[in-house]
Amino acid sequence: MDFREWVGGEEVINDYCRNLAHEGGRRIAEIMGTRLMDESANLEQTLNMINVELPLYDVPSDRIEFANDILRDRQLLELKLYAPHFYHNAKFWTRLSAQINNEVCAHLFVIRFAC
């Protein structure tokens, strides 16, 4: 609690995290050539987590589970990281969370997933 007060309190933390989610989500979508799920002008439906479309297109319905497995396994086993992903409205998405200890880097590394 001392740390949270030291950085400015709950309102400052929430504003920082929300702005970071918006900026980071837009940057990642731009790099991947995709879009955000929340397409409202000021991202009014997005708080500190943002959904970004993954560039996996035209995955046949009988291969969706396989694609999910590849995404999970490649991240966890090969890259030793994990960003949750899900399939919604015939598209794959990732849900990213902004925290007080995160920042948008000058260079974002986007992992290409091959299915």
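Mentor: The discussion below takes each term in turn and sets it against its definition.

Mentor: This is a predicted model, in which local features need pLDDT of at least 70 and side-chain atom pairs count only at pLDDT 80 or more, while totals for chains, interfaces and linings use all residues. Residues are numbered from 1 along each chain as its sequence is written, and side-chain values use heavy atoms, with hydrogens and water left out.

Trainee: How many helices and strands does the protein have, and what makes a run of residues one or the other?

Mentor: The protein has 3 helices and 3 strands.

Trainee: Why are β1 and β3 called paired strands?

Mentor: Two strands pair if DSSP finds at least two bridges between them. Strand β1 (residues 49-53) and strand β3 (residues 91-97) have 5 bridges in the antiparallel sense, so they meet the criterion. Strand β2 (residues 85-88) also pairs with β3 in the antiparallel sense, over 4 bridges.

Trainee: Which residue of β3 is the bridge partner of V52, and which is that of H85?

Mentor: For V52 the partner is T94, and for H85 the partner is likewise T94. In the hairpin of β2 and β3, 2 residues lie between the strands, and N89 takes a positive phi near 55°.

Trainee: What makes a group of residues a nonpolar core?

Mentor: The members must be buried Ala, Val, Leu, Ile, Met, Phe, Trp, Tyr or Cys residues joined through side-chain atoms within 4.5 Å. Buried means under 20% relative accessible area, with a 1.4 Å probe and protein chains only; 30% of the 115 residues count as such. The largest nonpolar core has 18 residues, and L36, I50, V52, V59 and F92 have the most contacts inside it. Elements α2 (10-32), β1 and α3 (64-79) each supply at least two of its residues, and α2 gives the most, with 6.

Trainee: How do you know that F92 is in contact with residues elsewhere in the sequence?

Mentor: Contact means heavy atoms within 4.5 Å. Leaving aside neighbours within four places in sequence, F92 has contacts that include V52, V59, L71 and F86, so heavy atoms of F92 lie within 4.5 Å of heavy atoms in each of these.

Notes. Buried < 20%, exposed > 50% of the residue type's maximum accessible area, 1.4 Å probe, protein only.
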